[in-house]
Amino acid sequence: MEKEVEEDKKEKEKEIEFVKWFPELNNKDVAIAGGKGASLAEMYNAKFPIPPGFVVTAQAYSYFLEKSMLGEKIDRILRNLDVEKTQELDEKSKEIRDLISSAQMPKDMEEEILEAYDILDVDKPKIEETRKGAAEILKMSHESVFVAVRSSATTEDLADASFAGQQETFLNVKGEKQLIEKAKEC
């Protein structure tokens with residue numbers, strides 16, 4: 001029985017998509033991409049001048065918390081929290097942010113995010129122009145692209161509550177290490 005439960009768990013993990021590209025999403029995908037992500041995807045698909053991009057899914061966040069065993073720690077921090085006490089709320093928020101930022105991202109999730117980032121970094125027209133093989137392509141090596149890393153809540157801007165200005169945005173993020181760090185900070 002334990003073996004079946006473990007196999008079911010592994011199968012569910014395989015189903016989780018950590019990354020979704022803008023063409024795969026629309027404005028109805030707030031539960032997957034958050035409000036900003038779904039809106040960017042909608043604009044991209046409507047041919048607005050939005051650069052290609054991807055979203056790290058809300059499901060990836062849940063997976064991250066589960067795999068890094070932060071859920072219980074966060075629950076303990078939030079237990080008995082009085083949200084009316086601003087200083088206490090700030091202290092607990094910082095404690096949770098520090099926990100998440102210092103946690104190791106699950107390898108499978110990190111690999112999928114970095115693979116998507118690597119795809120953004122490919123200059124396909126230049127590679128197609130180069131018909132001389134791998135050595136010539138390597139000579140044309142290029143630096144990583146700059147990206148924006150933005151947080152986007154799945155309950156952003158509700159009818160009775162707005163979260164404007166409360167989400168993180170990091171501009172000019174460059175390189176794999178910085179991308180992963182900023183994704184965790186979001």
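**Ground rules.** Residues are numbered from 1 along each chain as its sequence is written, and side-chain values use heavy atoms, leaving out hydrogens and water. Since I'm on a predicted model, local features need pLDDT of at least 70 and side-chain atom pairs 80 or more, while totals for chains, interfaces and linings use all residues.

**Salt bridges.** I searched the whole structure and got six salt bridges (a side-chain nitrogen of Lys or Arg within 4 Å of a carboxyl oxygen of Asp or Glu).

I looked up K20 and E17, which pair at 3.2 Å, N to O. K20 is buried at 14% relative accessible area, whereas E17 is partly exposed at 39% (buried is under 20%, exposed over 50%, partly exposed in between, with a 1.4 Å probe and protein chains only).

Next I checked K94 and D98, bridged at 2.8 Å, N to O. Both sit in helix α5 (residues 86-102), four residues apart, about one turn (helices are DSSP runs of H or I, at least four residues, numbered from the N terminus). D98 comes out partly exposed at 39%.

I then found E185 with K182, closest N and O atoms 3.5 Å apart. They are three residues apart in helix α9 (residues 176-185), about one helical turn. E185 is partly exposed at 27%; K182 is buried at 17%.

**Negative patch.** On the surface I see D108, E111, E115, D118 and E176 gathered in a patch of negative charge (residues over 30% relative accessible area without a salt bridge, like charges joined within 9 Å). Helix α6 (residues 107-120) gives the largest share, four residues. D108 is in helix α6 and is partly exposed at 35%.

Note on methods
Patch = residues over 30% accessible without salt bridge, like charges linked within 9 Å, V, L, I, M, F, W, Y side chains within 5 Å. Areas by Shrake-Rupley, 256 points an atom, 1.4 Å probe, with all protein chains shown as cover. Lys, Arg positive; Asp, Glu negative; His and termini not counted. Charge placed at Lys NZ, Arg CZ, Asp CG, Glu CD. Helix = DSSP H or I, 4+ residues; strand = E, 2+ residues; numbered from the N terminus.
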